[in-house]
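Please look over the sequence and the model shown below before reading on. The explanation that follows is meant to be read with both in view.

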Amino acid sequence: MKRDSLTRYCRECEVLDSCNGGCPKDRFICTPDGEEGLSYMCPGYKRFFAHTRPYLEKMAELSRTGASTAEIRGLVRTEDAKASRRAGRNDPCPCGSGNKYKKCCLAKSAFETRIS
């Protein structure tokens with residue numbers, strides 16, 4: 001029943017396999033086409049799942065090869081560090097928060113460095 005009530009916009013979405021249309025109780029806004037029944041969390045789901053998909057795919061690949069969870073976490077940290085080095089202080093944060101890098105992950109990494 002949950003799948004049958006999805007809007008056409010949902011059924012054609014690239015992250016449907018991850019969000020599964022969200023919870024039916026949250027489907028009370030209209031799609032860009034005007035069809036009722038879209039989850040109000042849709043924009044957030046799209047952004048989150050599009051951002052995390054490469055990481056999840058890499059984790060699944062490593063898991064299939066028998067890699068340890070510590071190895072997988074290390075890889076994610078390395079990728080995040082590479083993205084952070086490319087960001088300037090006033091650039092949007094690579095984590096996707098919408099904040100400037102200096103107010104988001106740069107501040108967090110400086111805090112973690114002081115603690116270590």
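The paragraphs below go through the overall fold, the salt bridges, the cavity, the surface patch and a few individual positions.

The model is a predicted one, and its secondary structure comes to five helices and two strands. Read from the N terminus, these elements follow one another in the order α-α-β-β-α-α-α, with helix H1 covering residues 8-11, helix H2 residues 16-19 and strand E1 residues 27-30. Strand E2 then spans 36-39, and helix H3 spans 42-64. Of the 116 residues in the protein, 22% are buried.

The structure holds five of them. In one, the side chains of arginine 8 and aspartate 33 meet with a nitrogen-to-oxygen distance of 2.9 Å; this pair links distant parts of the chain, since arginine 8 belongs to helix H1 whereas aspartate 33, 25 residues away, sits in the loop between strand E1 and E2. Arginine 8 counts as partly exposed because its relative accessibility is 38%, while aspartate 33 counts as exposed because its relative accessible area is 55%.

A second bridge joins aspartate 17 to arginine 53, with the closest N and O atoms 2.8 Å apart.

Another salt bridge is formed by lysine 25 and aspartate 26, whose closest N and O atoms are 3.1 Å apart. Are these two partners buried or exposed? Lysine 25 is exposed, because its relative accessibility is 62%, but aspartate 26 is buried, because its relative accessibility is 8% and the limit for a buried residue is under 20%. Beyond the individual pairs, salt bridges with shared partners join Arg8, Glu12 and Asp33 into one network.

The next topic is the empty space inside the model. Rolling a probe the size of a water molecule over the atoms shows where such space is left. A search of the whole structure finds one cavity of 30 Å³ or more, and the volume of the largest cavity is about 70 Å³. Its lining is made up of Cys10, Cys13, Val15, Cys19, Gly21, Gly22, Leu38, Ser39, Cys42, Tyr45 and Lys46. Both E2 and H3 supply at least two residues of this lining, and the largest share, three residues, comes from H3. Sorted by class, the lining of the largest cavity has seven nonpolar, three polar and one charged residues.

On the outside of the model, Phe28, Tyr40 and Met41 form a nonpolar surface patch, and together these residues have about 310 Å² of accessible area. Methionine 41 is placed in the loop between strand E2 and helix H3, and it counts as partly exposed because its relative accessibility is 31%.

The loop between H2 and E1 deserves a separate look. Asparagine 20 is placed in this loop, and its phi angle is near 55 degrees, a positive value in a residue other than glycine. With a relative accessibility of 32%, asparagine 20 counts as partly exposed. Proline 24 is also placed in the loop between H2 and E1 and is partly exposed, because its relative accessible area is 42%. Although 18 residues separate proline 24 from leucine 6 along the chain, the C-alpha atoms of these two residues are separated by 8.8 Å.

A further pair of positions can be followed from helix H3, where leucine 56 lies. Leucine 56 counts as partly exposed because its relative accessibility is 44%. How far apart are leucine 56 and valine 76 in sequence and in space, C-alpha to C-alpha? The two are 20 residues apart in sequence, and the distance between their C-alpha atoms is 10.0 Å.

Notes
Residues are numbered from 1 along each chain as its sequence is written. This is a predicted model: local features need pLDDT of at least 70, side-chain atom pairs count only at pLDDT 80 or more; totals for chains, interfaces and linings use all residues. Side-chain values use heavy atoms; hydrogens and water are left out. Patches are made of residues with over 30% relative accessible area and no salt bridge: like charges are joined within 9 Å, nonpolar side chains (Val, Leu, Ile, Met, Phe, Trp, Tyr) within 5 Å. Accessible areas come from the Shrake-Rupley method with a 1.4 Å probe; for residues, only the protein chains shown count as cover. A salt bridge is a side-chain nitrogen of Lys or Arg within 4 Å of a carboxyl oxygen of Asp or Glu. Helices (H or I, at least four residues) and strands (E, at least two) are DSSP runs, numbered from the N terminus. Buried means under 20% relative accessible area, exposed over 50%, partly exposed in between (1.4 Å probe, protein chains only). On a 1 Å grid over the protein atoms alone, a cavity is a set of points where a 1.4 Å probe fits but cannot get out, and a pocket is an open set with protein on both sides within 12 Å along at least five of seven lines; lining residues have an atom within 4 Å of a point. Grid points are joined across faces, edges and corners, and a volume is the space filled by probe spheres set on the points. Ala, Val, Leu, Ile, Met, Phe, Trp, Tyr, Cys and Pro count as nonpolar, Asp, Glu, Lys and Arg as charged, and the others, Gly among them, as polar.
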